[in-house]
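Subject: A structure for you to look through

Hi there,

Here is the structure I promised to pass on. Please open it beside this email and follow along as you read.

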Amino acid sequence: MKASRFALERPRDLEEAGALLAGAGGLAKVLAGGQSLGPMLNLRLVEPALVVDVSGVAELRRFDHEGGTLVIGACCTHADIEDGRVPDVGADMLARVASGIAYRAVRNRGTIGGSLSHADPAADWLSALSALGATVEIASRSGRHRLAIGDFVTGALETSLQADEVLAAVRIPMVPETARFGFVKHARKVGEFAHAIGAALIDPERGTGRCVIGAIDAPPLVFPDASVLFGGSIRPGFASEFDRSVADRALIDAGVTDPVARHVHIEILRRAVIQAEGEPLVETRAAA
Amino acid sequence: MNAHVRPPLKAPLSLTVNGRSVEAEVEPRTHLADFLREELDLTGTHLGCEHGVCGACTLLVDGEPARGCITFAATCGDAEIVTIEGLDDDELTAELRAAFNREHALQCGFCTPGMLIAARDLALRLPEPDERRIRIGLAGNLCRCTGYAGIVRAIRSVIAERRDRGIAATVSERPLGPVGAHRPGASPRSAPDRREAASASGIPASAATSVREFTPAETFEQRFSVAFPPERVFALFGHVKEVAVCLPGAFVEATPSPERVEGGIRVKVGPISAAFRGVANIERDEATRRGRILGAGADGRSAAQGEVRYEVRPGSEPETSDVVLTVGYTLKGPLAQFGRPGLVRDVAARLTAEFARNLETRLSGRAVEAEPSAPSGLNPFRLVAGLILGRLTGWLNRIRSR
C-alpha cells in the first residue's frame, strides 16, 4: 500500500511540463489532484519512473469565457465547481454533477482535467461532459489542439494523449435557457463509482437533445440526436415518449449483453430524462 | 535495507503543520499521512485503506478536508496542514468532541480523527442540521462500530446549536485548484529516476509453475469471424507459437509437451501495465473443433488464474469461420482490490479484434507486425499486475498459450 519509488517534478508552466514529459520517454505520468492516480500508485498498479505534478501550474487553475463557451482549466477541482468558484454553464448543471463525485475530501483535490485524462468509464465528468457537448484542449510542445470528448477517450482508461501532451482545459458550450439538463447516477453507496449513469441535455423548444448512457465499462454511449429516443421528435412532454426499446438496442449493439444491466442503464437514463423535463430537483444534490 | 535497494531520492520540503513551520527532506512517494506520522510523530492521523476510501486519514490542507493517504507530501510545499492534534483549541472541534462524547459517537476510536474533521467541515458548510445531508456527507468516512447513529446525532446537535447562536453556514474563499498545491518555487529538483526498463523479458521470474482446476470468479464471451475455413483456423489454434504471435503482448518460452506451454503476457490498460508469466495446459478436440486452455500466472504481487474455451464453427459464408471464446478468470492481489471487472470487457474486446486481425494475416501467410504498444521488454510503465490486466492477462495467457 505504499507507492514504489518515483522521481517528482513540479513544473511551473505547461512548456516545462511538456519538456519533462517528452524527455521521460513514456515512463512519466502526469499528476493533478492525484485522487485517481494516488490510489493506483499506492496499490502499485502504476509504477512510473517520473511523476510530473502539474497541480501548481497557474494556467491550469483558472477559467474564462470565450464567446458562448466556458473554458475551465484542467486543475480546477470538483469542489471549485460545486461551490461556484468556477461558474456554471446553466442553472445548477456542472455544480450538481460535481457535488456527487466521491467525497468532499476528495473533491477538494480531485480535478476535472485529471478525471477526464484518467478516462474511467464510471466517472461522472466523462458522461456529463459528453452530454454537454464539451471539447478538451490539449497542450504539447508543438502547440495546442482540440478534440471532442468522444475522440479524446478511446477506451476504458485510454485516451488519445501522447507522451508529451497534457490536457490543458475543458471547453463547455453555455447551455441556452430553454434547454434542460438531467443527470442521474446509480451506485450502491454514495461516493462509489457508478454502476450506471444517465445524462440528458434537452431543448424542447428547439426540438434538440443529446443523451448519454455512461458507466458501461467502455466509453459512454452517446445519442447525438436524442430524438430517436422519443419517437423521432422532441417536444414538450418528451419524457412520456421515452422509448426503452431504442436504448435497449443501442446497448446491445454496444456489447452490453446482460439484460439486467441493460434494464438498469435504461431506467437510469429514463430518470435523467424525467429530471430534465421537470425542474432541477434540489434533493438530487448528492453532496453535503 | 537490502544492499540492492537504491538510496532514497529525497527533496527538501517546507510547509506548516499545526501552525509550526516544518523543514524536511521527503521521498516523492511518501504520502502526507506517513510523513506526519513517521517524521513528525503526529500519530493522530490514522491510516486505514491507504487508497482514499475509508477516510481515517482525513486532515485539513489549507483549511479544507483532504485525504492524507493519496496526497503526496512532496506536492504540498508551502501548504498549511492541520491534523487532529492541531484542533485541540479549536472552538468548533471542542463542541464536536463534547457532542461525540455525549452521544456515544465512537467506540474503538479508529475513525474518530478523520470523522471529527469531516464533521467539522459539515458543521461549517451545512445550512441546516439535515440528517440526510449529514449521512451523505459522512459516506467518505467509514465507522464500523457505531452504525453512525450517535455520530449523526452529535453533528446535528452541533449544527442546530450553532445556527441558533446565529452562526451561519460558510464556504471559505480560496484560490482555484487542489488544496495544498501551491505554485512551485525554485526548490531544487531531483533528477528523473531513469529506472532500467526491467530485465530481459521485463517480467519477474516469480511465476506459477502448476495449473489447477478452479471456478472462475468472472466469465465473459467474445466472438469474431475469420475469412478462412474452420479446419484451417482450428489447425492454427493448435500451434501455440503461432497463436502467441497473433496475441498482442504474448510470448512463449517453452513447450515442454503438446499439452503444456510456458510463457507470459504483457498487458497495458491505460496507465496500468501488468506482465504475467506462468504455465498453461492445453486440451483440444478435433471432432468438435473445441479447445480449452487452463493457465495460471503471476507477476510478483498479483496472481491470475484463467481459462479460455474456444470453439471454431463454420461461418455464415462458405470458407469462413466464427470463433467463440469463453473466458473465465480469477484474480488475486492488488489488482483484485482495484476490482472493476467490467473494464476488462472493453479491453478484451479490443484485444480480440486485434487478435482476429492478426489471425487472418497469419492465415494468409503474411507476417504479423509487432504491435507498437508493446515493444519487447519495454512497457511505457513498468508493470505490475492489473486487475484489469490481470484478467486480461489471464485470458491472454490462456489464449496465447494455446
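Two strands pair if DSSP finds at least two bridges between them. Strands here are DSSP runs (E, at least two residues), as are helices (H or I, at least four), and both are numbered from the N terminus.

Before the details, some housekeeping. This is a predicted model, in which local features need pLDDT of at least 70, side-chain atom pairs count only at pLDDT 80 or more, and totals for chains, interfaces and linings use all residues. Residues are numbered from 1 along each chain as its sequence is written, chains are lettered from A and ligands numbered from 1 in the order in which they are written, and side-chain values use heavy atoms, with hydrogens and water left out.

Find β1(B) and β2(B): they run antiparallel and are joined by seven bridges. Together they make a hairpin with two residues between the strands, and N18(B) in that turn has a positive phi of about 50°. Within the pair, S14(B) stands opposite E23(B) of β2(B).

β1(B) also pairs with β5(B), this time in parallel, through two bridges. There, T16(B) has E80(B) as its bridge partner.

Which residues make up the covered face of β1(B)? They are A11(B), L13(B), L15(B) and V17(B), while P12(B), S14(B) and T16(B) form the uncovered face.

Now look at helix α1 of chain B, residues 32-39. L32(B), A33(B), D34(B), F35(B) and L36(B) are buried there, where buried means under 20% relative accessible area (1.4 Å probe, protein chains only). Among the elements that cover these residues are β1, β2, β3 (58-61) and β5 of chain B. After the helix comes D41(B), with a positive phi near 60°.

Stepping back, chain B has ten helices and twelve strands. Of its 402 residues, 55% count as buried.

The model scores ipTM 0.94 and pTM 0.80. Where is pLDDT under 50 in chain B? One such stretch is residues 186-208, and another is residues 371-402. Where pLDDT is low, the predicted coordinates should not be read in detail.

**A sheet in chain A**

In chain A, four strands form an open, antiparallel sheet in the order β11-β12-β13-β14. The edge strands, each pairing on one side only, are β11 (180-186) and β14 (221-223) of chain A.

Helix α9 (244-253) of chain A lies across β13 and β14, at about 140° to β14(A). Helix α10 (259-277) of chain A touches β11, β12 and β13, and its direction makes about 145° with that of β11(A). For these angles, axes are lines fitted to C-alpha atoms (for helices, over the stretch in contact), and values run from 0 to 180 degrees between N-to-C directions.

Happy exploring!

Methods: Contact = heavy atoms within 4.5 Å. Buried < 20%, exposed > 50% of the residue type's maximum accessible area, 1.4 Å probe, protein only. pLDDT = per-residue confidence, 0-100.
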